[in-house]
Amino acid sequence: MTETTKTHVILLACGSFNPITKGHIQMFERARDYLHKTGRFIVIGGIVSPVHDSYGKQGLVSSRHRLIMCQLAVQNSDWIRVDPWECYQDTWQTTCSVLEHHRDLMKRVTGCILSNVNTPSMTPVIGQPQHETPQPIYQNNNNMPTKPTAAKILGKVGESLSRICCVRPPVERFTFVDENANLGTVMRYEEIELRILLLCGSDLLESFCIPGLWNEADMEVIVGDFGIVVVPRDAADTDRIMNHSSILRKYKNNIMVVKDDINHPMSVVSSTKSRLALQHGDGHVVDYLSQPVIDYILKSQLYINASG
């Protein structure tokens, strides 16, 4: 398969991230590696979406802290970004709503980049200073040696993702940029299949089997319309889990289980273990959290007592 015929994927992980661990980051990396090895997918971005404060989980620290910790955790990644949309809403959002939001957002972004020049759109680019003059993606010069290639255009998808998926600046100021002004008719949006897949651990998959916990209509959309990438934890039997839910069985082909090292050291790392290690002064916390996150936690005096 060529790059343009493979399915292009954005991995979206929703959760408390209380705090974000090395295991969370490794989950992204393992999922991307696995999808690439199948030969059917190209992962062009990852999104960390922390849950709203009103989720009500005991010990959940403020989203202000969680967003900063997430940003610190991914600061050296060139493909994983933190998105604050879920935290900035008026109230808690369902996982289904978060997926639909990002699907609609990416449709606008990729549609703008890959659409015909005769259908310009006004797409907000988040975080670009108002006084800067937007630079065209490609200079439309007659002496240009080659036309933009598919690889270059796909690169712009990732670049726009990095603009959108970042912690929102203190003051919301949007610059509107017509990003397709100089792209011509190199490629149409329909020629590239882009999907947003929910990235999760086997514990979230197992929660689908708990009666009444999830809205069944939401489950149909999450698994049926979007799809899931599952990174097993603690050598969980994902086949057994899926057999316990009629919806998971129905959409089994939309559930991709990462089959790498079932004894991967990061598969046993959790936020709960990290909080306990912090409360007890356990030196193993360095195995669970990145140093910038630990430094921020200590500076802000988070998770020092059992109440969070």
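Predicted model: local features only at pLDDT ≥ 70, side-chain atom pairs only at ≥ 80, totals over all residues.
Colleague: Why is Cys-87 called buried?

Modeller: Its relative accessible area is 7%. Buried means under 20%. Therefore Cys-87 counts as buried.

Colleague: How do you know that Cys-87 is in no disulfide?

Modeller: The nearest cysteine sulfur belongs to Cys-70 and is 8.0 Å away. A disulfide needs the two sulfur atoms within 2.5 Å.

Colleague: What makes strand β1 largely enclosed?

Modeller: The strand covers residues 7-15, and eight of its nine residues are buried. So the rest of the structure largely encloses β1.

Colleague: How do you know that β1 pairs with β2?

Modeller: Nine bridges join β1 to β2 (residues 41-50), in the parallel sense. Pairing takes at least two bridges, so the two strands pair. One example is Thr-7, whose bridge partner in β2 is Phe-41. The chain gets from β1 to β2 through α1, and this β-α-β crossover is right-handed.

Colleague: Which strand does β1 meet over five bridges?

Modeller: That is β6, residues 194-201, and the two run parallel. With at least two bridges required, five are enough, so β1 and β6 count as paired. Val-9 has Arg-195 as its bridge partner in β6.

Colleague: Which residues touch the most other members of the largest nonpolar core?

Modeller: They are Leu-11, Leu-35, Met-69, Leu-199 and Val-229, in a core of 40 residues. Helix α1 gives this core its largest share, five residues. Leaving aside neighbours within four places in sequence, Leu-11 contacts residues including Phe-28, Leu-35, Val-43, Trp-79, Leu-199 and Val-229. Another core, of 32 residues, lies apart from the largest one. Among its members are Cys-200, Val-221, Ile-222 and Phe-226.

Colleague: How do you know that the buried residues of α9 are on the same side?

Modeller: The buried residues are Ser-271, Ser-274, Arg-275, Ala-277 and Leu-278. They cover an arc of only 160 degrees around the axis, so they sit on the same side of α9. These buried residues pack against α1 (22-38), α10 (285-288) and α11 (291-300). Just after α9, Gly-281 has a positive phi of about 65 degrees.

Colleague: What makes Phe-17 stand out?

Modeller: Its phi is near 50 degrees, a positive value in a residue other than glycine. Most residues other than glycine have a negative phi. Phe-17 lies in the loop between β1 and α1.

Colleague: Which peptide bond is cis, and where is Pro-19?

Modeller: The bond joining Asn-18 and Pro-19 is cis, with omega about 5 degrees. Most peptide bonds are trans. Pro-19 is in the loop between β1 and α1.

Colleague: Why is Gln-301 called exposed?

Modeller: Its relative accessible area is 55%. Exposed means over 50%, so Gln-301 qualifies. Gln-301 is in the segment after α11. Its phi, near 55 degrees, is positive in a residue other than glycine.

Technical notes:
Residues numbered from 1 in each chain as written. Heavy atoms only, no water. Buried < 20%, exposed > 50% of the residue type's maximum accessible area, 1.4 Å probe, protein only. Helix = DSSP H or I, 4+ residues; strand = E, 2+ residues; numbered from the N terminus. Arc of directions from axis to C-beta. Contact = heavy atoms within 4.5 Å. Right-handed = clockwise from strand over helix to strand, strands pointing away. Core = buried A, V, L, I, M, F, W, Y, C linked by side-chain atoms within 4.5 Å.
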